[in-house]
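Subject: Structure handover

Hi,

Here is the structure I promised you. Please open it alongside this note, and my findings follow below.

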Amino acid sequence: MRNLISDFYKAFHQLDANKMTSCYHKDVVFEDPAFGVLEGKKASAMWHMLCESQKGKDFTVEASNITENSAHWEAFYTFSKTGRKVHNKIDATFEFKDGLIIKHTDHFNLHTWAKQAIGFKGWLLGGTVFFKKKLQSQTNRLLNKYIVEKKLPN
């Protein structure tokens, strides 16, 4: 499974969402602090949205410490809403079914991310449940809009 995880991050580095999501089982469950829990086609749509939004920008991803069921990865990009530089450090865990990723969980410090992406307000509120719920609401609203605009099945 180490090769599958490695292929996933190579595709992410190339912003190739089709290749990334080909590593996912159709019943995949993805979870992270920014989106919460996404299942199946919605999880795949999230990668398509993120890759599409970063093409031609300063986004890069570096994966390391890839094991049979985990990886460390770091994302470097400019947060579009504020123009602030972000260096997010993420630890991912994976579970598999039928040779594909069935569960993908990304862990990162949301407060640290918020301080970088948003600045003072992120420093002040980024560690709160209120902030996490508001962020997840916003990211899911954007994802739902993307699914409708692209006429993707959800």
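A patch here is built from residues with over 30% relative accessible area and no salt bridge, and nonpolar side chains are joined when they lie within 5 Å. Keep in mind that this is a predicted model.

**The nonpolar patch**

With that rule, Phe 120, Trp 123, Leu 124, Leu 125 and Phe 130 make a nonpolar surface patch of about 570 Å². Which helix gives the most to it? That is helix α5, residues 120–125, with four residues. Phe 120 is in helix α5. Its relative accessible area is 57%, so Phe 120 counts as exposed.

**Salt bridges**

Side chains of opposite charge can pair when their charged atoms come close. How many salt bridges does a search of the whole structure find? The search finds four. Three of them are described here, starting with Lys 150 and Glu 52, Lys 26 and Asp 27, and Glu 149 and Lys 145.

Take Lys 150 and Glu 52. Their side chains meet at 3.1 Å, N to O. Lys 150 sits in the segment after α6 (129–149), while Glu 52 belongs to helix α3 (residues 41–54), so this pair ties together parts that are 98 residues apart in sequence. Lys 150 is partly exposed, at 41% relative accessibility. Glu 52 is partly exposed too, at 40%.

Next, Glu 149 and Lys 145. This salt bridge has an N to O distance of 3.9 Å. Both residues lie in helix α6, four residues apart, which is about one turn of the helix. Lys 145 is partly exposed, at 49%.

Then Lys 26 and Asp 27. Their side chains meet at 3.2 Å, N to O. Lys 26 has 65% relative accessibility, so it counts as exposed. Asp 27 has 40%, so it counts as partly exposed.

Look at Asp 106 in strand β6, residues 100–107. Asp 106 is buried, yet it has no salt bridge. Which side chain of opposite charge is nearest to Asp 106? It is Lys 103, and Lys 103 is 12 Å away. A salt bridge needs the nitrogen within 4 Å of the carboxyl oxygen, and Lys 103 is 12 Å from Asp 106. What does the side chain of Asp 106 make a polar contact with? The partner is the side chain of His 104, at 2.8 Å.

**Cysteines**

A disulfide is a covalent bond between the sulfur atoms of two cysteines. How many disulfides does the count come to? The count is zero. The cut-off is 2.5 Å between the two sulfur atoms. For Cys 23, the closest cysteine sulfur is in Cys 51, 12 Å away, so it is too far for a bond. Seen from Cys 51, the closest cysteine sulfur is in Cys 23, again at 12 Å and too far for a bond. Cys 23 is buried, with a relative accessible area of 5%. Cys 51 is buried as well, at 1%.

**When you open the model**

Begin at helix α5 and its part in the nonpolar patch. Then go to Lys 150 and Glu 52 and their salt bridge. Finish at Asp 106 and its polar contact with His 104.

Best wishes

Technical notes. Residues are numbered from 1 along each chain as its sequence is written. This is a predicted model: local features need pLDDT of at least 70, side-chain atom pairs count only at pLDDT 80 or more; totals for chains, interfaces and linings use all residues. Side-chain values use heavy atoms; hydrogens and water are left out. Buried means under 20% relative accessible area, exposed over 50%, partly exposed in between (1.4 Å probe, protein chains only). Helices (H or I, at least four residues) and strands (E, at least two) are DSSP runs, numbered from the N terminus. Patches are made of residues with over 30% relative accessible area and no salt bridge: like charges are joined within 9 Å, nonpolar side chains (Val, Leu, Ile, Met, Phe, Trp, Tyr) within 5 Å. Accessible areas come from the Shrake-Rupley method with a 1.4 Å probe; for residues, only the protein chains shown count as cover. Lys and Arg count as positive and Asp and Glu as negative; His and the chain ends are not counted. A polar contact is a pair of N or O atoms within 3.5 Å; within protein, one must be able to donate a hydrogen and the other to accept it, and residues adjacent in sequence count only if both atoms are side-chain atoms.
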